[in-house]
Every structure is written in C-alpha cells, then in structure tokens.
Amino acid sequence: MSESVKENAPKMAKAQKLVGVKGMNDILPPDSSRWEWLESQVRALMARYAYRNVRLPIVEPTALFVRGLGEVTDIVEKEMYSFEDRLNGEQLTLRPEGTAGLVRSVVEHNLLYEGGKRLYYMGPMFRHERPQRGRYRQFHQIGAEVLGFGGAEVDAELILLANDLWKVLGLKDVRLELNSLGQPAERQAHRAALITHLEKHSDVLDEEAKRRLHSNPLRILDTKNPAMQSVVEAAPRLLDFLGEASLAHFNAVKAILDANGIAYSINPRLVRGMDYYNLTVFEFITTSLGSQGTICGGGRYDYLIEQVGGKPAPAVGWALGVERVLELIKEQGEALPDLAPDVYAIIPESTALPVAMQVLQSLRACGVSAQMHAGSGEGMGSMKSQFKKADASGARFALVFGAEELAQGLVAVKSLRDGAGAQRTETLGTVAHWAHSLQSAL
Ligand code: ATP
Ligand code: MG
C-alpha cells in the first residue's frame, strides 16, 4: 500500500479473514476461461438443435420440489437448503435441480399453449451433500428439456444432442446407459415383486433401504452401498414388467440411436434420483472421474407438468454437471484457450496517459485486446518493471508510449514473443491499419 493511501485509511482493528461456505467454490481465472469456453460451445450447439434459452429464479417455493421430486428422495429428504421468508413466512428452497422450476415456469406462463417447446438452461444448483471431488454444495448444471412432445424421437434427439456436445468438447471415454421405467401401472406390478425380493434379504438392507422398503422401494436400486449390490443385482427387473406400448417406445429410441451409430448399454437398475421419471431414462458415465463418474442424466417425465398443476403434457430432458464435465476435459489434457491480450501498453511517464488511452480505445474498437499498464497511484513505475508485467501478461506486443515518440505522433511496437525484441514504430494516426497488421500477426 502506498504511503498516501495508508495515511488516509481510517484506523481499524485488523479484520479477521472470512472464508467462503464449505462446498461452494469460487471460479477464478484461468479456470473461468474454460467455463466461458464450455458455455459458448453449448450455446452454439443448442442453436443448431433449435433449443431456446431460459433463465429462472434460484429460489423456488419448497413445495415445488417436495411435490415434483418426491418426498422419499435423497434430495428432498436431506439435501435441500430450505428457509423461511422472514417477512411472510413462505417456505423457500435454493433450487437443487432445474427441471421442477422449469416446469413451474412453463405452467405458470402457459408456454405450451402454441405447441411443444425445446428449452435449455445453465446455472447454479444447491445440495447439502458431503463435499468431495465432483460433488459440491453449490454446483452448476446445464439442462435441456423438451416439453409437449410424447414421441421417442425427442428422447433420441436429446441423447444425440448430448452426444454431439461430448464431441465438440473433445470428451473421450463417455458411455451411455439406458433403461425404461415404464408407466406407473407397470411400476406398481414390479413394486410388489421388488418388495417381496427385498424383504427376503432384509438382513443385508441398510437403515435407509429399510425405511424406503414400503415408501419408495425402486429408490433402493439406486443405492451406492457396496454391501447391497448383490441383492440389488438379483432384484426383479422393471424391464420385464413393461407392456407393449412401453416396450415399443423403448425400441423406437434404440432404433434411432442404432441408426446414428450411438453405442449404449442397457442397465436395468438405472432408476435416477427423482420420482418424476417414466419410460426412457439414461446416464452418460465416464470411468475417468472415480466414483463421481456420472456427467449427465435424464429421462422422460410425462406426469410432472400435471403434478405441478398444469394441463397434462409429456416431457423429457437431461442435465449435465458442469464441474464434472470440466474436470474430465482437464483430466484428458485439453489445453486452456489462450486469453492473453494482443498488446500491453507501456507508459513511461504519466503525462502520456491521455494520448495513450485514446490510442488504446481506438485499438479496442478495432477488435484488438489491449491491456494497459496501471500505476501505483504515484507514477507508472520503472520501464523494467513495466516490461516484466508486459511479459507476464502473455501479450504478443508491447506498445511503448515514450514522450519523444509521442511528440512526433509515433509509438514504438516491440515484439514480446516470436522474435522477441524486434522493434518498429507506428504512426498514431493509422491505428486501424496497424490493428489489422497486429491481428494478422496473431
Ligand atoms: P449422483 O448420483 O452423482 O449424486 P444425481 O443422480 O444426484 O448424481 P442428478 O440429479 O441427475 O444427479 O444431476 C445431474 C448431474 O448433475 C449429475 O449427473 C452430476 O453430473 C451433476 N451433479 C449432481 N449432484 C452434484 C453435486 N453435488 N456436485 C457436482 N455435480 C453434481
Ligand atoms: Mg445425488
């Protein structure tokens, strides 16, 4: 801190350093460049599939998730950040996922009035989980949802879209698992058989499974408890309880995937974490991220709109975990996009600032990325320290706004990377011309 700043500062006791909330991360440069790059790839791809963006509130009424996701789910039972509005006592929750809020919005604004919609969203979600690699309390999802169409072709389209996204992001080692949860009546028949099977093995069921045995036995198939895996594997398969229509839907999805060369495996135990799914469910999984290997999951939820009070309409969607996808990109050694500025402006004397900053504005207007050297408040610092900063910025060129050159309407351009040290002078009046030459040299 410079002397003058110190003198003017109010006298305060040294404040204790505050830290952020556990499991909620700051996303800072250079990582944030990867985030921006991923988001721009997603936007471009969504446009190619004619999906439109929605931006929804982070806080929703708690009842939306309890009703929508199901009372006996991990999220509603133990992962929600819920609180009471201190003014009107309303029960509110930080959204743990995006689908329920989107459906609430679609119903509230009668969006399906003119027919089906293809929508996508990106943003933070909140779940009170034990933080670990790939599992955070604030994390980010990108979701794609198609509402108002019941055909297998949109289930397949969503899978093709996700698969294309892995391609544009350069992801390898992502596999697709597929299942069908059938319709409620089929699940009801399977449920009875499942309870009988699980009761026979009640000695190996953990507390959670025992509690869910009669309220939500399907959920038990989703267990991560290794001790229960063999019981779960031997359980009656929901697939064997599907009627003709459900099987036809499933086969139609598979036929489109086959025709498009999308590999998948059928996982009869894939049930997903929320109660709202029916028919097709799927997950994209990688083995490269340890136990947090599911990067994207989704399925059909034909009864959710009705459950949230809307006119019955079918829907299907998926959500991907941004942190996990980025972790996978990093794991696979993708280089960071280069975001160094094109030029770094070195300003030996502060008297040059008005002209120098005018020139930089013209360069920026021509699309050149320009970083200006900023002083301490008491001068610009030595040439040596300014050149050090210029090097550290990664800029291709340093522009040196020396008093002598400026007096002649010139600026020195010094190469910092290829052929470092090479220097020439440019006329201030022909900025657009050298902006062009700088860019072609980049
Ligand atoms: P998991 O089985 O790993 O808990 P989930 O079934 O709860 O996942 P979904 O609700 O389907 O996850 O969310 C879709 C995606 O969001 C997941 O596949 C994952 O990539 C990501 N995700 C879910 N929870 C978290 C979290 N706590 N931290 C980071 N990413 C998450
Ligand atoms: Mg979970």
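Which ligand has a nitrogen atom 2.9 Å from a backbone N or O atom of tyrosine 136? It is ligand 1, whose nitrogen atom lies 2.9 Å from that backbone atom of tyrosine 136. The model is a predicted one, in which local features need pLDDT of at least 70 and side-chain atom pairs count only at pLDDT 80 or more, while totals for chains, interfaces and linings use all residues. Residues are numbered from 1 along each chain as its sequence is written, chains are lettered from A and ligands numbered from 1 in the order in which they are written, and side-chain values use heavy atoms, with hydrogens and water left out.

A polar side-chain atom of glutamine 141 is 3.0 Å from one oxygen atom, and an N or O atom in the side chain of arginine 272 is 2.7 Å from an oxygen atom of the ligand. Of the 580 Å² of accessible area that ligand 1 has on its own, the protein covers 92% (Shrake-Rupley method, 1.4 Å probe). Strands S6 (138–147), S10 (294–300) and S11 (315–321) each give two or more residues to the shell around the ligand (strands are DSSP E runs of at least two residues, helices H or I runs of at least four, numbered from the N terminus). The largest share, three residues, comes from S10. In total, 16 residues surround ligand 1, and the closest are Arg127, Glu129, Arg135, Lys224 and Arg272 (a residue is near if one of its heavy atoms lies within 4 Å).

Because arginine 300 lies in S10 and aspartate 155 in helix H6 (residues 152–169), the pair ties together parts 145 residues apart in sequence. Arginine 300 is buried at 0% relative accessible area, and aspartate 155 is likewise buried at 0% (buried means under 20%, exposed over 50%, partly exposed in between; 1.4 Å probe, protein chains only).

The count comes to 21 salt bridges. In another of them, arginine 212 pairs with aspartate 74, with the closest N and O atoms 2.9 Å apart. This pair links helix H8 (residues 207–212) to helix H4 (residues 74–79), across 138 residues. Arginine 212 is buried, at 3% relative accessibility, whereas aspartate 74 is partly exposed, at 25%.

How values were computed: Polar contact = N/O pair within 3.5 Å; in protein donor to acceptor, adjacent residues only side chain to side chain. Salt bridge = Lys/Arg side-chain N within 4 Å of Asp/Glu carboxyl O.
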